[in-house]
Amino acid sequence: MEVTESFSITEHLETVFAQAFAIAFPEYGNVPVIIAPVNSASAKYGDYQCNNAMGLAKKMKEMGVNKTPREIANELLKACPASPIINKLEVGGAGFVNVFLSKDYAAKALQNILRSGIKPPRVPKQRVLVDFSSPNIAKQMHVGHLRSTIIGESISRLLEFLQHDVIRINHIGDWGTQFGMLIAHLEDRFPDFLNVSPPIGDLQSFYKESKKRFDTDEEFKKRAYNRVVSLQNGEANSRKAWTLICDVSRKEFQTIYDRLDITVKERGESFYQSHMLSVVDFLRKKNMLEEDEGRQIMWSDEGKSGVPLTIVKSDGGFTYDTSDMAAIRHRIDEEQCTWIIYVVDSGQSTHFNTIFKAAERCGILNPTIHRVNHVQFGVVLGEDGKKFKTRSGDTVKLSDLLNEGMKRSLEQLSSRGRDKILTPDELIEAQEAVAYGCIKYSDLSHNRISDYVFSFDKMLDDRGNTAVYLLYTYTRICSISRKLSEDVSNLKTILDTVEIVLDHEKEWKLAKTLLKIHDILLKCSKDLFLHFLCEFCFEVCAVFTEFYDSCYCIKKNKDGEIVEVNYSRILMCEATAAVLRQCFYILGLKPVSKL
């Protein structure tokens, strides 16, 4: 098999051992191959292991054939085809087949990365829609939107890198009863809104004012309901008011998205109004709807278990169930998506499971063709272990959180004297990289299913698995290149004259670690967990530090003059930087050359 720069080691070894099974044990050729990386502390046992022998011995015993795992492992070893990535195979322990990687392969693979960049591992291409962020119009984005926004952006970047056709959708709350009270309040506060754009500075306060009137003033409440009807009927003045309110919110949302480098296309609930009429008609023709106390409901299964979807309310209105059924139908039938991902908190898991089952029951969703995932996540906790709130008990605004991050970041950089060394532009770049990077990474480095504690002190620690540690390691690599008098940015010249040598154990350990990247990316895409990529970045940085501490790259004399350069190791540094840059991009971190 040809060595390429998009090589997945695990997938290749699975292919190798699948062939060995077909030759040595053809009757068990359909057994899934189990390949696992060996802990780097146990290098004498190889780099990867095939762990099938024990399970196969048990299966064979059930069929009346007695073979020990070691005997099976030896037969597999003998049947393995030659591979350019394998240096040798050994049977060890109770019956593991230990795989030792080829240093020649590793050196060539790293040189390929430096020549061509990091190429994505090959996967079947799909049209994927990622639904994330989803704030509500007239309400400020708060910490509750943080996880969906960060996780959704990184999933989109990962799948785009894997060459999928990705549609990023922001399913904002821009429709519903609350707009009646907002429009009515706008008419009273700014009666000339049709001609003069209303100066609504704080939409959150505007919303609270209208809600207070709605709850206490019956006349206002009645007018608000009338405005809902006029909006839904497309009356021009109500539509104009609705558009003005939505535009104010959009500007606030975009400010947050620009700061966090988020790209997402708005397609709110209002988009699906006509599609909801269509999906109700579709479900009615399929005989999926039944009357229930004036409303029309749909069960997600034939057995009528769980809670049914309310498709049409008793007053003839629609619900979130209706819009979500309309949305999934539009995404499959009109967008032609084969994979839909909803990045929404864990509290919505029952709802989405019901939607997916209902979509399958009525024929919208075909599980043999379509993949749907609810990428759920836990809540953000304060350092007291309770839901993250301000001291007054209010929800933490996302803009305030980012501002606090910028303040803490500058304090940390200043405490290291970086404000005196970096230029003003470099300082702002470093400040943003640390502030926004630490917020994103703290979120992504945790298993998303779990709740996590939001702590700036922990995020800004330069030790351990933090964004700051990763960013500092990257700048350390950049500083090695800066020390050389000649320009190492022209890597092609060096690659044409220098080969990577992996004689030192720390060189070899670093090379093997870097070449795990394709396996890690595939692992992340399988179940959409990004903490595996964070763990990989931390491992790369830790192993690079071991390499740098043990292997000189540049030697200087007493006068500080460079007397010797190990260009093979310089190439190893550059390969490490390339791998980190790619991972940083997927995680939303911005690498800076000085910090």
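Five elements, α1 (9–24), β1 (35–37), α19 (505–514), α20 (517–527) and α21 (531–550), each put at least two residues into the lining of the second largest pocket. Helices here (H or I, at least four residues) and strands (E, at least two) are DSSP runs, numbered from the N terminus. The model is a predicted one, so local features need pLDDT of at least 70 and side-chain atom pairs count only at pLDDT 80 or more, while totals for chains, interfaces and linings use all residues. Residues are numbered from 1 along each chain as its sequence is written, and side-chain values use heavy atoms, with hydrogens and water left out.

The second largest pocket holds about 1,100 Å³ of space. Of its 40 lining residues, T10, P37, K516, D519 and I520 sit closest to the centre. A pocket is an open set of points on a 1 Å grid over the protein atoms alone, where a 1.4 Å probe fits, with protein on both sides within 12 Å along at least five of seven lines; lining residues have an atom within 4 Å of a point. Points are joined across faces, edges and corners, and the volume is the space filled by probe spheres set on them. By class, this lining splits into 17 nonpolar, nine polar and 14 charged residues (Ala, Val, Leu, Ile, Met, Phe, Trp, Tyr, Cys and Pro count as nonpolar, Asp, Glu, Lys and Arg as charged, and the others, Gly among them, as polar).

Two of the contributing helices, α20 and α21, also pack on each other: their axes come within 8 Å and cross at roughly 160°, which makes the pair roughly antiparallel (over 145 degrees). On the α20 side the contact uses I517, I520, L521, K523 and C524, and on the α21 side F532, L533 and F536, with contact meaning heavy atoms within 4.5 Å. Seven of these residues are nonpolar, none polar and one charged.

Helices α2 (residues 53–62) and α3 (residues 69–79) pack at about 115°, axes 8 Å apart, and so are roughly perpendicular (65 to 115 degrees). A53, M54, L56, A57 and M60 of α2 meet P69, I72 and A73 of α3; the contact has eight nonpolar, no polar and no charged residues.

Then there is the largest pocket, with about 1,300 Å³ of space. Its lining counts 49 residues, with S134, N136, H142, H145 and D345 closest to the centre. Helix α5 gives the largest share, five residues. By class the lining has 17 nonpolar, 19 polar and 13 charged residues.

How values were computed. Axes are lines fitted to C-alpha atoms, for helices over the stretch in contact, and angles run from 0 to 180 degrees between N-to-C directions. Angles under 35 degrees count as roughly parallel, over 145 as roughly antiparallel, 65 to 115 as roughly perpendicular and the rest as oblique.
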